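Open the model in your viewer and keep the selection tool at hand. We will go stop by stop, and at each one you get something to select and a note on what is there.

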Amino acid sequence: MSRRLEVELTSKQDDGTYTWRAVGAKQPKGSLDGSLLYEGANVGDVVRADADFAVDGVFITAVLAPKAKRTEPQKLEILGSGRDEPAVTTQLVGKRGRDGGRDDRGGRGTRGRGDGRGRPDGRGRPDGRGDGRGRPDGRGDGKGRSRNDRPRRERTPAPARPKAKRLRARRTHRDAVLNALPEIQRPLARVVLRDGVSGLRALIEAQNKVARAAAQPEIPPKMLEAVGEHLLPRLRAAEWRDNAEGALAGISEIDLRDIRKVVVAAENGAKDDESRALAQQLKDGLSARVEAEHGKWLSELNSLVNEGRTVRALRQSSRPPKAGAPLPADLATRLSDAASASMTADTMPERWGTVLDAVAYSPVRQQVKPQALPSKVTDELLATVKKLSKRVPHIAALFAPAAPAAPIPAPPKPAAIPPPPKPDSVPSEVSADAPAAQHDATSAPLAEEE
């Protein structure tokens, strides 16, 4: 099978043949007849050749001469019309009229709103509202209001919340520690700083796997892991020092989450007295920042409730800057009442679900009691209720279908009472003694009378 490949001429033999190898290979792969080469071929040339791959080797069948280098840049000829035209052209387009028509360019004609044009008979609308009476601009008869005449409800736009800056610490102390290490340990220190000792262990195992496949000696993992464990505390301390100095410099504008991470990491990163003093300054600055942010948060929450922006207020209440700080009682009551008033039968299902989603993550979710379910319950609303049922179970219970009343069990049937025995069914021993007893009872008074 013939295939084209690039080969490099490596040497010339006495018999006029050349040895060659594929570009990038280490050893020569074969030889070719010098008669196949072009005039002026030299050792070291890289050429394209057609080769046949057989069982016993690769045979060059043809060699293509390399392209000659151009001494001049290739130029492209641009063919045009030959006329002298301006480089930039403009064309003005007429504006669309308010009557829905276009200018004299054609297209749709003007609609008959007030001037009678646009209808075959020259009249406006059949009800007379298009004949231009009653309006100074010739539109309508003055009975209806235009879109611009309708009163619009002014709404204060939501203030744009400034996005907090993220911590971008310098690497002064970290680079100082790395530069102080021997050159052979710096790559190891960078791996440990980035991935930890476990990442170093995984990297050594991957390299040893490749070494085993190539029959090469493996890297001793225990020794390198011990070096990594020895370097890691120093590197972490230097990295924390860089983060702490950056957080302290931007304590008033950096995101609180980044500052809290640095404060929490001070337990392992602050090893000396200077670092501990820096950690204390950072804690004090964080406390002051949290108090200021909490005050702004309460003020903004009050403003949202006063403006009737219930959903925004509910979502804002779920993100307090000061973790664990409860809402003031009066503000919590107002917020829960506003949320309850927003969930009525006249509320659209989409709006009902939006309010429910905001309520589910607010601190007043237990106090919110909807006034009524929406008049139309959609599948989307039911899916929202199902998703949030664990957070607001008392509201989710309102959507559960009423359970059918349990049937009243029938009273148990009384046990059958056997009928009293008949006189002729008295046992024989009783019936035999009965006349004697009766005779004795009747004969005693007679004896007394005698």
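Start by selecting the buried residues of helix α9: Pro349, Trp352, Gly353, Val355, Leu356, Asp357, Ala358, Val359 and Ala360. Buried here means under 20% relative accessible area, exposed means over 50%, and partly exposed lies in between, with a 1.4 Å probe and protein chains only. Helices (H or I, at least four residues) and strands (E, at least two) are DSSP runs, numbered from the N terminus.

Before going further, a word on the model: it is predicted, so local features need pLDDT of at least 70 and side-chain atom pairs count only at pLDDT 80 or more, while totals for chains, interfaces and linings use all residues. Residues are numbered from 1 along each chain as its sequence is written, and side-chain values use heavy atoms, with hydrogens and water left out.

Now show all of α9, residues 349-360. Of its 12 residues, 9 are buried, so α9 is largely enclosed by the rest of the structure.

**Zoom out for a moment**

Colour by secondary structure: the protein chain has 12 helices and 5 strands. Of its 450 residues, 28% are buried. Among contacts with a separation of 6 or more, 57% are between residues 24 or more positions apart.

**Two packed helices**

Next, select α1 (residues 172-180) and α3 (residues 221-249). They pack at an angle of about 155 degrees, with their axes 7 Å apart. The axes are lines fitted to C-alpha atoms, for helices over the stretch in contact, and angles run from 0 to 180 degrees between N-to-C directions. The two helices are therefore roughly antiparallel to each other; the classes are under 35 degrees for roughly parallel, over 145 for roughly antiparallel, 65 to 115 for roughly perpendicular, and oblique for the rest.

Show side chains at the contact: Thr172, His173, Arg174, Val177 and Leu178 from α1 meet Arg234, Leu235, Ala238, Arg241, Asp242 and Glu245 from α3. By class, this contact has 4 nonpolar, 2 polar and 5 charged residues. (Ala, Val, Leu, Ile, Met, Phe, Trp, Tyr, Cys and Pro count as nonpolar, Asp, Glu, Lys and Arg as charged, and the others, Gly among them, as polar.)

Ala176 also belongs to α1, and it is partly exposed at 44% relative accessible area. Ala176 and Ala238 are 62 residues apart in sequence, yet 8.5 Å apart in space, C-alpha to C-alpha.

Stay on α3 and pick Glu225. Is Glu225 buried or exposed? Its relative accessible area is 10%, so Glu225 is buried. Leaving out residues up to four places away in sequence, Glu225 touches Leu200 and Arg201.

**A loop residue**

Move to Ala215, in the loop between α2 (186-213) and α3. Most residues other than glycine have a negative phi, but phi of Ala215 is near 60 degrees. Ala215 is exposed, at 73% relative accessible area.

**Salt bridges**

The whole structure has 18 salt bridges, each a side-chain nitrogen of Lys or Arg within 4 Å of a carboxyl oxygen of Asp or Glu. Here are some to select:

- Glu8 and Arg21, with the closest N and O atoms 3.6 Å apart. Glu8 is in strand β1 (residues 2-12) and Arg21 in strand β2 (residues 17-22), 13 residues apart.
- Arg186 and Glu183, at 2.7 Å from N to O; Glu183 is exposed at 57%.
- Arg257 and Asp255, also at 2.7 Å. Arg257 is exposed at 51%, whereas Asp255 is buried at 11%.
- Glu205, Arg212 and Glu218, which are linked in a network.

**Last stop**

Finish at Arg289 in helix α6 (residues 273-306). Arg289 counts as buried, at 11% relative accessibility. Which residues does Arg289 touch, not counting those up to four places away in sequence? Select Ile251, Ser252, Glu253, Ile254, Leu256 and Ile259 to see them around Arg289.

Conventions
Contact = heavy atoms within 4.5 Å. Expected span 1.5 Å × (residues − 1).
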